[in-house]
Amino acid sequence: MLSLERRGQPATSVETPTFLKYTRRGLQPHLVPEMAAEIEGLPALTRVQLEDFLDGDEGGLDRFGAGLRSFASMDESELVVLDVLDPIWTQRASKLTDKHIGIPSDGGMRRLTPEMYSRAVQALKPDIVVPPADYVAEPPVAGDKRAE
């Protein structure tokens, strides 16, 4: 059981294991909120990936003054999980390193550093954060030539 208490809100509990509702820019694709409300058993747990919101110099994070929940018109009872990468894109053009994660954006490839991720967390105000450290840096590929 996952239980989370937020300041000024009643505790929210979610049975585990469970699934996270997938979103694009905070909205569930092909499912309007009115229809989602009619589906029984959906957990109040929504996954949002930061790469959906990175564009421009600082990713436009300053426009989320009230946080992601307000931006996406999510119910207050909804728990928001912020992750870095979209799970459906398994082939990445950029490598993961121990200093940054390469993320494609409208402005080209962006290097997400821990400092930038920290600013994003402060701006988006999620309930649960998946840290960039949960992604493993890819080891260098061995060359075809042997050392003589």
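L45 stands opposite L79 in β5. This is a predicted model, in which local features need pLDDT of at least 70 and side-chain atom pairs count only at pLDDT 80 or more, while totals for chains, interfaces and linings use all residues. Residues are numbered from 1 along each chain as its sequence is written, and side-chain values use heavy atoms, with hydrogens and water left out. Helices (H or I, at least four residues) and strands (E, at least two) are DSSP runs numbered from the N terminus.

**Open sheet**

- Strands β4 and β5 pair in the parallel sense over five bridges; two strands count as paired if DSSP finds at least two bridges between them.
- The open sheet holds four strands in the order β3-β4-β5-β8, with parallel pairing.
- At its edges stand β3 and β8 (128-129), each with a single partner strand, so one side of each has no neighbour in the sheet.

- β6 runs antiparallel to β7 (residues 108-112), and five bridges join them.
- S105 has G108 in β7 as its bridge partner.
- Because four of its five residues are buried, β6 is largely enclosed by the rest of the structure. Buried means under 20% relative accessible area, exposed means over 50%, and partly exposed lies in between (1.4 Å probe, protein chains only).

**Nonpolar core**

- The largest nonpolar core has 19 residues, and those with the most contacts inside it are L50, V84, I103 and L112. Such a core is a set of buried Ala, Val, Leu, Ile, Met, Phe, Trp, Tyr and Cys residues joined through side-chain atoms within 4.5 Å.
- At least two residues of this core come from each of β5 (79-83), β6 (101-105) and α3 (114-124).
- The most is given by α3, with four residues.
- Beyond its neighbours within four places in sequence, L112 is in contact (heavy atoms within 4.5 Å) with L50, V84, K99, H100, I101, I103 and Y117.

**Largest pocket**

- The largest pocket contains about 370 Å³ of space. A pocket is an open set of points on a 1 Å grid over the protein atoms alone, where a 1.4 Å probe fits, with protein on both sides within 12 Å along at least five of seven lines. Grid points are joined across faces, edges and corners, and the volume is the space filled by probe spheres set on the points.
- Its lining is made up of 18 residues, with K21, Q28, P33, A36 and E78 nearest the centre; a lining residue has an atom within 4 Å of a point.
- Three residues, the largest share of the lining, come from α1.
- By class, the lining has nine nonpolar, six polar and three charged residues. Nonpolar covers Ala, Val, Leu, Ile, Met, Phe, Trp, Tyr, Cys and Pro, charged covers Asp, Glu, Lys and Arg, and the others, Gly among them, are polar.

- L27 sits in the loop between β3 (21-22) and α1 (33-38), and is partly exposed at a relative accessible area of 48%.
- Not counting residues up to four places away in sequence, L27 touches Y22 and A72.
- G67 lies in the loop between β4 (45-49) and α2 (68-71), and is buried at 3% relative accessibility.
- With residues up to four places away left out, G67 touches A123, L124 and K125.
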